[in-house]
Amino acid sequence: MASAHKFAKGKLINNPAYKPNGFKSYARAAIRYNIKPTIEGPLCAINKVAHQGKFGPGKAIGGRTTMHGHVLAKKDPT
């Protein structure tokens with residue numbers, strides 16, 4: 001049975017406002033593919049703590065703490 005849909009190739013239009021940024025590409029790839037920095041640079045991989053639960057005065061103590069491993073963060077300049 002032949003398909004009723006016919007597809008045609010459209011013309012590709014580049015975004016004139018696009019400005020390539022190598023640092024952002026590196027950071028995005030490092031996050032996506034779980035790449036840790038191997039040489040000194042402006043970023044480092046840290047373990048981030050996330051809290052979820054009951055906070056504030058008058059509430060019962062409790063909740064849940066989880067560790068989010070390999071989060072890229074800027075290094076502290078000090």
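Me: How much of the contacts in the protein chain with a separation of 6 or more do residues 24 or more positions apart account for?
Reply: This is a predicted model, in which local features need pLDDT of at least 70, side-chain atom pairs count only at pLDDT 80 or more, and totals for chains, interfaces and linings use all residues. Residues are numbered from 1 along each chain as its sequence is written, and side-chain values use heavy atoms, with hydrogens and water left out. A contact means heavy atoms within 4.5 Å. Of the contacts with a separation of 6 or more in the protein chain, the part from residues 24 or more positions apart is 44%.

Me: In what order do the elements of the protein chain run from the N terminus on?
Reply: Helices (H or I, at least four residues) and strands (E, at least two) are DSSP runs, numbered from the N terminus. The protein chain has 1 helix and 2 strands. Read from the N terminus, the order is α-β-β.

Me: Which element of the protein chain has the highest mean pLDDT?
Reply: pLDDT is the predictor's confidence in each residue, from 0 to 100. Over the protein chain the mean is 81, and 92% of the residues reach 70 or more. Among the elements, strand β2 (residues 64-74) has the lowest mean, 80, while the highest, 84, belongs to helix α1 (residues 22-32).

Me: What is the radius of gyration of the protein chain?
Reply: This value is taken over C-alpha atoms, and the globule rule is 2.2 Å times the number of residues to the power 0.38. The C-alpha atoms fill a box of roughly 65 × 40 × 25 Å along the principal axes. A compact globule of 78 residues would have a radius of gyration near 12 Å, but for the protein chain the value is 23 Å.

Me: What percentage of the 78 residues in the protein chain is buried?
Reply: Buried means under 20% relative accessible area, exposed over 50%, and partly exposed in between (1.4 Å probe, protein chains only). The accessible surface of the protein chain (Shrake-Rupley method, 1.4 Å probe; for residues, only the protein chains shown count as cover) comes to about 7,800 Å², with 59% belonging to carbon and sulfur atoms. Of the 78 residues, the buried part is 6%.

Me: Which residue has a side-chain oxygen that reaches the backbone nitrogen of Phe 23?
Reply: The place to look is the start of α1. There the backbone nitrogen of Phe 23 has, within 3.1 Å, a side-chain oxygen of Asn 21.

Me: What is phi of Asn 34?
Reply: Asn 34 lies in the loop between α1 and β1 (43-52), and is partly exposed at 46% relative accessibility. Most residues other than glycine have a negative phi. Asn 34 is not glycine, yet its phi is positive, near 55°.

Me: Which residue has a backbone oxygen reached by the side chain of Lys 75?
Reply: Leaving aside neighbours within four places in sequence, the contacts of Lys 75 include Pro 42, Leu 43 and Cys 44. A polar contact is a pair of N or O atoms within 3.5 Å; within protein, one must be able to donate a hydrogen and the other to accept it, and residues adjacent in sequence count only if both atoms are side-chain atoms. At 3.4 Å, the side chain of Lys 75 reaches the backbone oxygen of Gly 41.

Me: How far apart in space are His 68 and His 51, C-alpha to C-alpha?
Reply: His 68 lies in strand β2 and is partly exposed at 42% relative accessibility. Apart from neighbours within four places in sequence, His 68 is in contact with Ile 46, Asn 47, Lys 48 and Ala 50. His 51 is 17 residues from His 68 in sequence, and their C-alpha distance is 11 Å.

Me: Is Leu 12 buried or exposed?
Reply: Leu 12 is in the segment before α1. Its C-alpha is 25 Å from that of Arg 28, 16 residues apart in sequence. With a relative accessibility of 73%, Leu 12 counts as exposed.
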